[in-house]
Amino acid sequence: AMIPHRVLVMVGSGPAAPDHLDLVVRRGVSPALAGDLWEWLGRTCDWDLIDLDGLRENGLLAGLLLRRSEDHRAAETTACPYLRLPPTWEEFELSLGKNHRQSIRRYRRKLEREAPAPVTSRLVTAPGEIAATVDRLGELHQQIRTAHGDRGAFATAELAEFHRRVAIRFGEAGRLRLRRLDVGTEMIAGILCYRFGDTVAFYTTGYDHRWSRY
């Protein structure tokens, strides 16, 4: 049996966690705040383990911990890739390798040719449609993650409700980028992203495994 222990984690960490977690402070607050917080944690000592999964690499806490750690190997890093996107899809396609570009086009034509109903891809913006689309995305996401032995980001009713509420709120703020792929009226795939200024942050996807050959 696991020995009972107390773990200090970042607010927002866990199965639905985003990347780049760090201290949330007012603009203009001194970076020394991170050091003060760390000294206070050292004095309280009411935890057995610190697990700062998803910590922002160049953030206040990460820089402090790496400078003060006696063994830097205790910090494991995972790259968070990104793309600088051109204005149009056509320009982006030209940046891909020839084989990759041709594969995308070939599978697209194959799906449109063999699907039993019209194939449509669209951005979901109508407030009344967001919740149902996120729910369906969650079902498809869990279908794939469970098949791979993972818990998934929609594993409980509480997590599903969390994603639904966040998507609706971000949709109201104009920051939601939720796209769905339909065959007829059935959603067979979806991608959930959020936008801040000129940055679109990917969160997750889901697809119906029955259509995986496309």
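Select helix 5, residues 127-147: its 21 residues reach 31 Å from the first C-alpha to the last, close to the expected 30 Å, which is 1.5 Å times one less than the number of residues. Helices (H or I, at least four residues) and strands (E, at least two) are DSSP runs, numbered from the N terminus. The model is predicted: local features need pLDDT of at least 70, side-chain atom pairs count only at pLDDT 80 or more, and totals for chains, interfaces and linings use all residues. Residues are numbered from 1 along each chain as its sequence is written, and side-chain values use heavy atoms, without hydrogens and water.

Within helix 5, colour the buried residues, among them Ile-130, Val-134, Leu-137 and His-141. Buried means under 20% relative accessible area, exposed over 50%, and partly exposed in between (1.4 Å probe, protein chains only). Residues three or four places apart point the same way, because an α-helix has 3.6 residues a turn. After helix 5, select Gly-149, whose phi is positive, near 80°.

Next, display the aromatic rings. Rings of Phe, Tyr and Trp (its six-membered ring) pair if their centres lie within 6.5 Å; planes under 30 degrees apart count as stacked, over 60 as edge-to-face and the rest as tilted. By this rule there are 4 aromatic pairs. Phe-170 and Phe-196 are edge-to-face, because their centres are 6.1 Å apart and their planes stand at 80°. This pair joins helix 6 to strand 5, across 26 residues. Phe-170 is partly exposed at 25%, as is Phe-196 at 41%.

Finally, select Trp-211 and Tyr-214, a tilted pair with centres 5.9 Å apart and planes at 40°; both residues are buried.
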